[in-house]
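Here is a quick tour for someone meeting this structure for the first time. Take a look at it before reading on.

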Amino acid sequence: AVSPGSRNGMSNLAGQAPNGLDALTASDAARRLAAGEITSEALDSDCLSRIDAHDGTIGAWACLDRDYALSQARACDAADTAIGPLHGVPVGVKDVLDTHDMPTEYGSGIYKGHRPEADSRCVAALRAAGAVILGKTTTTQFASPLPVGVRNPHDTERTPGVSSSGSAAAVADFMVPLANGTQTGGSVILPAAFCGVVGYKASLDGLDRTGIQALKKSLDTLGYFARSVEDIALVYGAVTGNDVPAHIDRPKIGVCRTPMWAEAEEHAQAAIEDSASALLKAGYDVIDVDLPPELQSIEDPFRVISNYEGKAALADDFRDHMEQMNPWMRETGESAWTDEEYAAAVAAANAARAALARVYRDVPVLLTPSTAGEAPADLVSPTMSSFNRMWTLMHGPTITLPVSRGVNNMPIGVQLAAGVGEDAALIARTIPIYRTLAEAIQ
């Protein structure tokens with residue numbers, strides 16, 4: 001994670017360094033647990049203590065059962081053999097993902113106290129890998145863009161981003177080493193960048209989406225928040241069974257400023273230029289890349305697809321509970337895109353993906369902004385995901401890396417994007433890329 005730095009009197013809970021096992025990354029924790037150097041109960045206890053101290057301010061957790069979390073940890077400690085690569089490691093689960101043993105409310109009073117009968121497949125995969133489900137992290141209503149009061153640990157007067165607000169804030173504040181999230185527009189990459197942690201958004205089907213409530217089939221994508229790229233490699237391998245290569249080629253990198261470049265703040269633009277210079281100096285082949293014409297106007301198809309699929313996915317809730325929907329959700333429920341308009345948007349998105357695939361043949365990794373800039377000092381307005389929506393619609397994996405700070409000393413990230421299905425390769429390539437950028441930051 002980005003180091004805290006001076007906050008000029010602002011409330012910076014992330015700057016209050018943890019003094020226990022809560023400081024460990026997921027990879028370090030997994031290694032020490034496997035070696036018998038620490039217990040899962042001790043690790044979870046320190047994470048819970050951090051939550052007790054800070055979550056009254058941050059609001060990262062929607063459901064937390066201390067006794068149940070510790071009982072899972074004790075069961076891990078008592079096991080004769082490790083269940084999997086995440087054995088005993090605590091993980092936060094975004095509260096749009098079903099858990100059979102904890103309430104799942106999808107950020108909405110409509111589902112207050114709701115108890116699913118089964119886990120979403122991605123949660124079941126975490127359990128099968130040995131993870132301790134510490135609790136459910138706060139999300140916006142049905143993962144929509146309107147904030148619900150979660151605060152950024154680096155400055156509690158600023159947003160952590162939406163909609164995976166609680167997951168990003170919890171990892172940034174050392175409450176938990178690993179948390180998952182979902183992204184429809186920018187709901188993994190944007191909050192990870194705002195909170196100064198590593199965020200990974202999978203390819204559309206790079207992580208199993210089975211059992212996710214009200215799924216937008218063309219957009220809703222799973223991802224993870226962590227404090228190192230090695231942690232992303234660990235959890236990706238643990239839940240998919242796909243190994244991340246230990247050694248991989250050094251890719252050509254394309255600097256992709258995108259059609260939204262003018263929306264990026266000075267420090268966000270500087271982060272891209274400085275990162276490109278650092279990689280070039282380190283011996284990477286770095287070139288400028290202009291996106292094909294098919295991607296220049298992809299925002300309109302995104303909007304049509306998002307609203308059309310969102311309205312269909314929650315049709316029963318819109319019919320029965322429209323008065324309990326927030327304004328953004330009501331707008332979705334009242335939208336009236338025709339089948340023909342949706343089909344045209346899908347065709348435009350498919351054409352854009354085909355054009356982008358041709359770019360990736362020559363340049364397998366693109367370097368692009370994660371966000372327009374720092375986290376705004378605004379806890380109620382939607383945050384601009386213009387540097388994320390296109391990549392979500394293109395269905396390829398992306399990773400955001402914290403590389404600098406802006407004028408208000410808040411984290412700034414850069415984003416790496418790759419072709420559909422190139423998840424393991426992107427993660428493997430990102431590990432040395434981030435080491436290069438981290439050395440340049442120092």
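This is a predicted model: local features need pLDDT of at least 70, side-chain atom pairs count only at pLDDT 80 or more; totals for chains, interfaces and linings use all residues.

Residues are numbered from 1 along each chain as its sequence is written, and side-chain values use heavy atoms, with hydrogens and water left out.

Let's start with the pockets (a pocket is an open set of points on a 1 Å grid over the protein atoms alone, with protein on both sides within 12 Å along at least five of seven lines; lining residues have an atom within 4 Å of a point). Volume here is the space filled by probe spheres set on the points, which are joined across faces, edges and corners.

| Pocket | Volume | Lining |
|---|---|---|
| Largest pocket | about 770 Å³ | 37 residues |
| Second largest pocket | about 280 Å³ | 17 residues |

In the largest pocket, P145, T184, K216, S306 and W328 lie nearest the centre. Helix α9 (299-313) gives the most to this lining, with 6 residues. The lining splits into 16 nonpolar, 15 polar and 6 charged residues. For the second largest pocket, the residues nearest the centre are A246, A428, I431, P432 and R435. Its largest share of lining, 6 residues, comes from α14.

Helix α14 (residues 423-441) is also where L426 sits. Helices here are DSSP runs of H or I with at least four residues, strands are E runs of at least two, and both are numbered from the N terminus. L426 is buried, at 2% relative accessible area; buried means under 20%, with a 1.4 Å probe and protein chains only. Leaving out residues up to four places away in sequence, L426 touches V365, P397, T398, I399, L416 and A418, where contact means heavy atoms within 4.5 Å. One of these, L416, is 10 residues away in sequence and 8.1 Å away in space, C-alpha to C-alpha.

Now for strand β2 (residues 90-94), where 5 of 5 residues are buried. P90, G92 and K94 point one way, while V91 and V93 point the other. Strand β2 runs parallel to β3 (residues 132-137), and 5 bridges join them; pairing takes at least two DSSP bridges. G92 has G135 as its bridge partner in β3.

Terms used:
Buried means under 20% relative accessible area, exposed over 50%, partly exposed in between (1.4 Å probe, protein chains only). On a 1 Å grid over the protein atoms alone, a cavity is a set of points where a 1.4 Å probe fits but cannot get out, and a pocket is an open set with protein on both sides within 12 Å along at least five of seven lines; lining residues have an atom within 4 Å of a point. Ala, Val, Leu, Ile, Met, Phe, Trp, Tyr, Cys and Pro count as nonpolar, Asp, Glu, Lys and Arg as charged, and the others, Gly among them, as polar.
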